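Trainee: Hi! Could you go through this structure with me? I have a few quick questions.

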Protein chains: 2
Amino acid sequence: MLKIALGQMEVIPGRPDLNTNKMLIMIQDACNQHADIIIFPEMAVPGYLLGDTWEQSSFLQDCEDFGRQIIDASQNICILFGNVAVQWDKHGDDGRVRKHNACFVAQHGQLVATRVKTLHPNYREFDDTRHFFSLRKLALERKQDIETLLLPAKVTIRNKEYSLGCIICEDGWNDDYDVDPIAALQANGPLDLIINLSSSPFTLGKNNKRNRVFSRQARETGVPLIYVNTVGLQNNGKTVYTFDGFSTVYNRMGEIIAYSQPFTETLDYLDLAIKTSGRDLPPISIPNDFTIESLYQAVNYGIRKFLQSIGMTKVVIGLSGGIDSAVNASLFARILNPENILLVNMPSKFNSKTTKDLAAQLAKNLGCLYTVMPIEESVEYTASQISGTPVTNLADGRQFNFLVSSFVLENIQARDRSARLLAGIAAAFGGGFTCNANKTELSVGYSTLYGDQAGFLAALADLWKHQVYQLANYLNTHVYEREVIPQAIIDLVPSAELSFEQSVDQGKGDPIIYPYHDYLFRSFMEYWNRATPEDILVWYSQGPAVLEQKLGCQAGLVTRLFPGPREFIEDLERWWRLYTGMAVAKRIQAPPVLAVSRRVYGFDHREAQNSVYFTQKYLKIKHTLLSGDR
Amino acid sequence: MLKIALGQMEVIPGRPDLNTNKMLIMIQDACNQHADIIIFPEMAVPGYLLGDTWEQSSFLQDCEDFGRQIIDASQNICILFGNVAVQWDKHGDDGRVRKHNACFVAQHGQLVATRVKTLHPNYREFDDTRHFFSLRKLALERKQDIETLLLPAKVTIRNKEYSLGCIICEDGWNDDYDVDPIAALQANGPLDLIINLSSSPFTLGKNNKRNRVFSRQARETGVPLIYVNTVGLQNNGKTVYTFDGFSTVYNRMGEIIAYSQPFTETLDYLDLAIKTSGRDLPPISIPNDFTIESLYQAVNYGIRKFLQSIGMTKVVIGLSGGIDSAVNASLFARILNPENILLVNMPSKFNSKTTKDLAAQLAKNLGCLYTVMPIEESVEYTASQISGTPVTNLADGRQFNFLVSSFVLENIQARDRSARLLAGIAAAFGGGFTCNANKTELSVGYSTLYGDQAGFLAALADLWKHQVYQLANYLNTHVYEREVIPQAIIDLVPSAELSFEQSVDQGKGDPIIYPYHDYLFRSFMEYWNRATPEDILVWYSQGPAVLEQKLGCQAGLVTRLFPGPREFIEDLERWWRLYTGMAVAKRIQAPPVLAVSRRVYGFDHREAQNSVYFTQKYLKIKHTLLSGDR
């Protein structure tokens with residue numbers, strides 16, 4: 001029987017000092033509980049998402065020193081922990097000192113083994129290959145097999161030797177690689193335990209898949225598997241990730257016999273009979289991960305931790321009376337005290353009484369600080385300053401004046417609200433202001449740069465509009481358990497209210513048709529094989545029902561929205577041009593986005609500000625469809 | 001004797017249609033000139049920096065189709081060109097269809113050979129490992145040697161067989177790798193030519209190094225080497241790269257016998273006697289690359305191509321009377337017609353007559369459009385709206401009013417200029433407005449978000465302040481050949497003029513001491529081993545002269561600026577906190593930066609918004625220094 005402690009700790013990225021202190025406390029606790037083994041996650045000492053901080057030698061030296069403190073603390077317990085392993089006399093492909101993402105095994109105050117990560121993810125937000133030298137590269141360099149290099153770690157506990165298969169995160173997700181780390185470990189003799197140290201960010205639905213994959217691994221190898229993941233928040237600058245922990249133990253049948261609470265720092269203990277490989281423990285059921293509840297949990301945790309990480313305690317939120325700002329306000333109001341949240345309604349002449357009243361009602365429901373600052377006068381001032389000040393051509397001395405069109409005026413309003421008022425108010429309040437954009441808007445740049453796209457965090461910018469509505473309902477029903485977001489806000493037609501053409505009272509609103517475009521943009525953005533207009537047009541030409549099924553939108557919608565191919569194509573090209581054009585330029589200057597989906601704008605979705613492109617095949621299908629249309 | 005055409009083409013990223021058309025025209029020209037071989041750069045068909053566009057199957061299909069058109073055009077000429085090679089039935093490490101960065105060799109209308117890039121750069125801005133499957137990975141997968149896989153391409157020209165060693169960009173920069181592609185090629189028998197297809201961005205001074213490295217390769221192998229590089233502009237979103245071409249031919253002695261004009265699309269011809277391997281051609285000298293002239297060329301080219309690429313023809317520049325906006329205005333005025341450049345002076349009460357007059361003088365010298373729009377009234381309006389509108393606590397009904405401090409007012413001014421005025425004017429003008437920030441400011445966030453940090457392009461944000469001055473002098477002396485930038489602007493103390501504390505007439509200005517901080521920040525940012533406060537303090541404690549030498553700043557400066565360790569450390573910590581703290585948050589929302597240095601903010605310098613950190617050793621040295629200070 002082994003008593004195993006799962007150190008599901010919150011890792012503070014770039015703070016080996018704080019992380020080590022935390023680990024030492026947990027080790028002390030585990031020793032007091034007479035645990036045999038304590039397991040910490042991947043990169044527990046330095047943190048995982050550090051950008052190019054890995055290029056600082058003095059930082060690496062510190063991580064080594066702190067790692068030694070952990071090893072020293074292993075007098076009475078076996079410790080497994082993630083840290084960077086530096087090979088000062090070798091270099092990586094970039095010519096800098098060689099670094100491994102490694103699992104350290106310590107016992108009796110000594111380092112027993114160091115195990116290097118074999119598979120380095122290099123997709124989505126992951127940058128392992130940039131910073132670390134993998135076991136695969138070592139194998140190539142030494143002209144050896146992975147099997148020769150990937151040995152189990154042997155530890156003796158109460159006179160019995162145990163063979164531990166130590167792998168790190170991606171090593172357990174080897175389906176797409178030509179290397180199988182677990183098989184390589186097993187080729188070196190029977191294992192008693194497989195231990196996966198992870199630093200795996202939350203993605204909606206990922207744990208369901210992880211449980212399938214890891215459960216299969218335990219079953220197929222006949223070895224119990226322990227997955228220990230970090231909690232907390234780490235970021236790549238533009239993209240902010242929550243880490244949900246959810247550490248899980250699978251017995252040799254692949255059944256789940258224990259798990260740690262998600263999004264919670266916790267030190268859990270497990271008594272595991274190696275003889276039975278956990279078969280004596282009853283399997284338990286684990287919550288489904290692909291739910292609005294998980295989504296809420298992640299967003300709530302992400303906002304809370306982000307505020308903590310930047311030391312922000314006061315927040316200003318522009319409240320339009322629309323759904324996005326309402327959901328943002330309701331989310332922040334669960335995290336900060338009401339007196340630290342200032343809601344600001346900034347009406348112009350285009351804002352209806354309806355939305356102004358709804359904003360006030362929501363503010364009242366939340367009991368926060370509230371103020372109304374109209375923008376009418378300042379917008380008029382700006383427009384008349386721009387149109388009223390003559391411009392001189394210094395080459396010939398001639399003068400002219402600008403005209404301020406209604407389109408120009410729309411964006412002046414948006415910037416007046418954010419960059420003039422909210423930024424000024426936030427500074428006076430001693431806090432920051434939120435960006436309330438959603439993923440649908442961000443996809444096509446339906447927002448104004450330095451206007452509604454500005455803010456210190458875009459907490460909902462990884463949620464499609466329909467998910468924002470789901471979250472609104474969830475907040476009312478399950479979080480507040482009352483109608484904190486007025487139902488009228490949920491029922492209202494979405495509108496920017498920047499002109500009389502966008503009057504909510506007349507049922508007019510955004511040019512985006514969310515029930516369709518949410519799913520169209522999702523296919524561009526989140527599909528494994530990114531859909532392009534060519535794919536869309538192929539599906540459309542196979543029949544609108546095929547397209548609807550491929551996109552996952554409501555049946556019958558495409559035919560209802562578009563009388564024929566001409567209208568369909570016009571719409572498709574309009575949004576594709578924006579998605580790959582102006583929206584890219586805007587996203588470059590967008591605030592950090594809180595990640596929840598399997599593809600997030602920012603570091604997870606790398607993009608260049610290139611010219612809009614339609615493939616040859618697209619142009620052919622378009623030609624055919626339009627010829628038939630006449 | 002072989003007649004070789006060097007197709008130094010401008011590659012438009014993401015536009016295989018346009019690139020292929022260009023290549024077909026060049027091929028036709030080469031056929032007319034009876035060339036034997038034409039060589040195009042790496043990724044000539046698709047472009048190189050495309051972000052995750054590589055995940056679009058329809059795009060890949062198009063690249064293949066266009067590649068076939070190039071192959072078809074090889075009836076009477078041997079063509080070498082870079083393109084993506086897709087293995088539809090295999091997958092990469094990310095599970096997506098496998099893609100190679102490859103060199104295609106075509107002759108007689110047939111594909112003769114495809115050669116896969118062996119070494120994939122995964123540092124700075126390069127992301128090859130994310131998208132492409134390298135020959136190294138192939139070797140590991142097939143358990144074969146690089147030598148077995150990397151064969152020369154054999155082509156027969158006028159009944160003589162030639163052995164071509166085709167490598168791609170990084171393959172020629174193998175010093176830090178455990179694999180040597182050129183040696184592997186040579187292991188397969190004697191080569192007649194080494195050909196390096198590149199897509200290598202301009203970096204100040206890089207060509208000097210490239211000539212040393214490639215010259216050595218030619219000399220050591222005894223084989224002439226032809227380097228063909230692309231021209232044009234490509235970007236990774238936040239970071240914008242110029243490609244300078246500068247294609248070069250080295251004979252087997254390593255002497256340069258030909259090169260193409262940098263930053264110029266050109267099809268150059270070379271008659272090379274393979275028998276003598278170019279020894280019969282006289283060596284020529286190539287311009288030094290590490291000069292202010294190169295810097296100017298790159299910035300000028302970069303701005304011009306960026307405007308072209310986004311289709312922008314009109315630009316608004318806020319003109320403060322300071323050096324940064326003066327240099328920006330003078331640069332843009334060489335690219336756009338004067339009537340398409342609008343210079344705007346936006347004084348507040350803090351702006352001196354000196355700078356207002358200098359702005360007007362510069363505008364006159366440039367002969368552009370000019371206007372003056374004061375911000376005093378609108379700033380006062382904003383301040384009084386924020387302080388004059390009561391805020392209600394909806395929990396208890398109590399009200400309060402904000403105070404607008406002078407610091408808050410400073411930033412209100414900066415945002416008023418950019419987000420209110422410049423953005424509105426640019427929209428009315430039908431163009432964009434520039435961000436005039438330099439690298440020193442960007443390093444420590446000495447700029448206001450949505451204020452002077454805003455704009456469509458930060459053309460000087462990769463130049464340290466002292467380089468901005470150098471460029472100012474260069475513009476006057478060599479570009480305009482007259483004092484277009486008034487000398488008084490160059491002589492003026494740098495100041496943001498956002499308060500009376502920053503009065504230029506009293507010689508007061510920015511808190512940044514450029515002659516020292518330029519070099520301090522450069523050590524944090526551009527040094528191969530990033531300097532941290534620990535390194536700085538180690539050097540400082542070895543004596544100020546050691547530090548000055550390490551930083552490369554003026555001798556005697558450190559002692560002159562800081563009376564003792566206390567002041568030195570206070571300054572160091574102040575800027576380090578900003579550099580790794582608030583400045584990161586600001587850079588996340590910064591405009592695209594035009595790259596010229598070996599380390600650029602943005603995609604080249606990955607960073608997380610993490611907490612500020614000082615190493616243990618730093619804290620110890622600090623303690624020692626401060627104890628001695630008492």
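Trainee: Let's look at the hairpin of β4(A) and β5(A): how many residues are between the strands?
Mentor: There are two residues between them. Keep in mind that this is a predicted model. In that hairpin, A:His108 takes a positive phi near 55°.
Trainee: And in what sense do the two strands pair?
Mentor: Strand β4 (residues 97–107) and strand β5 (residues 110–116), both of chain A, pair in the antiparallel sense, over six bridges.
Trainee: Which residue in β5(A) is the bridge partner of A:Ala102?
Mentor: That would be A:Val116.

Trainee: New topic. Which residues does the UniProt annotation "binding site" cover?
Mentor: The annotation, from an unreviewed entry, covers A:Asn411, A:Glu441 and A:Lys586.
Trainee: Is A:Lys586 buried or exposed, then?
Mentor: A:Lys586 counts as buried because its relative accessible area is 15%, and the cut-off for buried is under 20%. The residue sits in helix α21 (residues 582–588) of chain A.
Trainee: What is A:Lys586 in contact with?
Mentor: Leaving aside neighbours within four places in sequence, A:Lys586 is in contact with A:Gly445, A:Ser447, A:Leu449 and A:Gln453. For A:Gly445 there is a distance to quote: its backbone oxygen lies 2.6 Å from a polar atom of the A:Lys586 side chain.
Trainee: Where is A:Asn411?
Mentor: A:Asn411 is in helix α12 (residues 406–429) of chain A. This residue is buried too, with a relative accessible area of 18%.

Trainee: How many residues apart in sequence are A:Gln470 and A:Pro224?
Mentor: They are 246 residues apart in sequence, and 38 Å apart in space, C-alpha to C-alpha.

Trainee: Last one, the largest nonpolar core. Which residues touch the most other members?
Mentor: Of its 113 residues, those are A:Ile38, A:Phe40, A:Tyr516, A:Ile536 and A:Phe568. Helix α16 (residues 514–525) of chain A gives the core its largest share, seven residues.
Trainee: And what does A:Phe568 touch?
Mentor: Not counting residues up to four places away in sequence, A:Phe568 touches A:Tyr516, A:Ile536, A:Leu537, A:Tyr540, A:Leu547, A:Val558 and A:Phe562. Apart from this core lies another, of 112 residues, including B:Tyr48, B:Trp54, B:Tyr446 and B:Ala590.

Key
Residues are numbered from 1 along each chain as its sequence is written. Chains are lettered from A and ligands numbered from 1 in the order in which they are written. This is a predicted model: local features need pLDDT of at least 70, side-chain atom pairs count only at pLDDT 80 or more; totals for chains, interfaces and linings use all residues. Side-chain values use heavy atoms; hydrogens and water are left out. A nonpolar core is a set of buried Ala, Val, Leu, Ile, Met, Phe, Trp, Tyr and Cys residues joined through side-chain atoms within 4.5 Å. Buried means under 20% relative accessible area, exposed over 50%, partly exposed in between (1.4 Å probe, protein chains only). Helices (H or I, at least four residues) and strands (E, at least two) are DSSP runs, numbered from the N terminus. Contact means heavy atoms within 4.5 Å. UniProt positions are given in the numbering used here, feature names are shortened, and annotations may be inferred rather than shown by experiment. A polar contact is a pair of N or O atoms within 3.5 Å; within protein, one must be able to donate a hydrogen and the other to accept it, and residues adjacent in sequence count only if both atoms are side-chain atoms. Two strands pair if DSSP finds at least two bridges between them.
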